[in-house]
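Dear colleague,

Please find the structure below, together with its sequence. My notes on it follow.

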Amino acid sequence: MHGDGAVYEVVTTDYANTVADNVYRYASREDYYGCAREAFEEIHALLKCLIRFFTRLRRPKEAVLLEHMYRKFNYFGLNGAYTTRPRSTISSPEGTAVGEAATDFDEDKFMRKKFLLWVFLSAIVMLLFPGLAVTFVKGDVGMAACLVLFFGINPIHFLVLGAVSGMDLRRMWSQPILSAALYLLGVWIFFSAHETAFLVYAGVYLALSGAAMLISCLVSRKVRS
């Protein structure tokens, strides 16, 4: 973000850093059009507010302000990323049609679907798999299947779940707990009701998932920074 002249007297480095902090999430999702749009809107609002109340400069018209900002903005290798919604078009200064890039992206809706998807996957691993092992696999083969389930599939599931949850800790932190609850429900239904030994397994799974979540969270923050 670069400014000079009278604009730089209002949009100082501190204000520019604040605007960048507010819009970097759009760029993290590769919504570069939305990032630029939000940055211009915040700068525009800042100029309108500060010029009106804290300076004696004549307030510029909106068209003039946007015209000068457009002259300073260059596109390098512009790419569009579209959502599943119908694509709309806007007109660029040269008169060409440009697809609106991911401006309708509903992050909350996407995260709700992601949350429910992982609840569904946990239910499959923790409820369906034990039920299939008990119902269709008998004898020594059934014992081997249970060992693979308890010491292979379940730990891997909790590690992956923790890593995914750590990428969005604010929304996904409860996933390992829900998965552990589903595990206890499954083993108490299909193996032995209220067997306390399964609580130890659940604790170990939660510890594995928590460690993966912590590492994933730290890595994600470092990448974003």
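Are tyrosine 183 and phenylalanine 198 buried or exposed? Both are buried (under 20% relative accessible area, with exposed meaning over 50% and partly exposed in between, for a 1.4 Å probe and protein chains only). Please note that this is a predicted model, in which local features need pLDDT of at least 70 and side-chain atom pairs count only at pLDDT 80 or more, while totals for chains, interfaces and linings use all residues. Residues are numbered from 1 along each chain as its sequence is written, and side-chain values use heavy atoms, with hydrogens and water left out.

Packing of α8 and α9

Helix α8 (residues 175–190) packs against helix α9 (residues 197–224) at an angle of about 160 degrees, the axes being 10 Å apart. Axes are lines fitted to C-alpha atoms, for helices over the stretch in contact, and angles run from 0 to 180 degrees between N-to-C directions. Helices are DSSP runs of H or I with at least four residues, numbered from the N terminus.

On the α8 side, the residues in contact (heavy atoms within 4.5 Å) include Pro176, Ile177 and Ala180, and the α9 residues that they and their partners meet include Leu199, Ala202 and Met213.

Serine 179 also lies in α8. This serine counts as buried because its relative accessibility is 0%. Beyond its neighbours within four places in sequence, serine 179 touches Ser122, Met126, His157, Phe158 and Leu161.

Aromatic pairs

The whole structure holds 11 aromatic pairs (rings of Phe, Tyr and Trp, the last by its six-membered ring, with centres within 6.5 Å; planes under 30 degrees apart are stacked, over 60 edge-to-face and the rest tilted). One of them is a tilted pair of phenylalanine 150 and phenylalanine 191, with 5.5 Å between centres and 55 degrees between planes. Phenylalanine 150 belongs to helix α6 (residues 139–166) and phenylalanine 191 to the loop between α8 and α9, 41 residues apart. Phenylalanine 150 is buried at 9% relative accessibility, whereas phenylalanine 191 is partly exposed at 30%.

Tyrosine 183 and phenylalanine 198 form an edge-to-face pair, 6.5 Å centre to centre with 85 degrees between the planes. Tyrosine 183 is in α8 and phenylalanine 198 in α9, so this pair ties together parts 15 residues apart in sequence.

With kind regards

Note on methods:
Helices (H or I, at least four residues) and strands (E, at least two) are DSSP runs, numbered from the N terminus.
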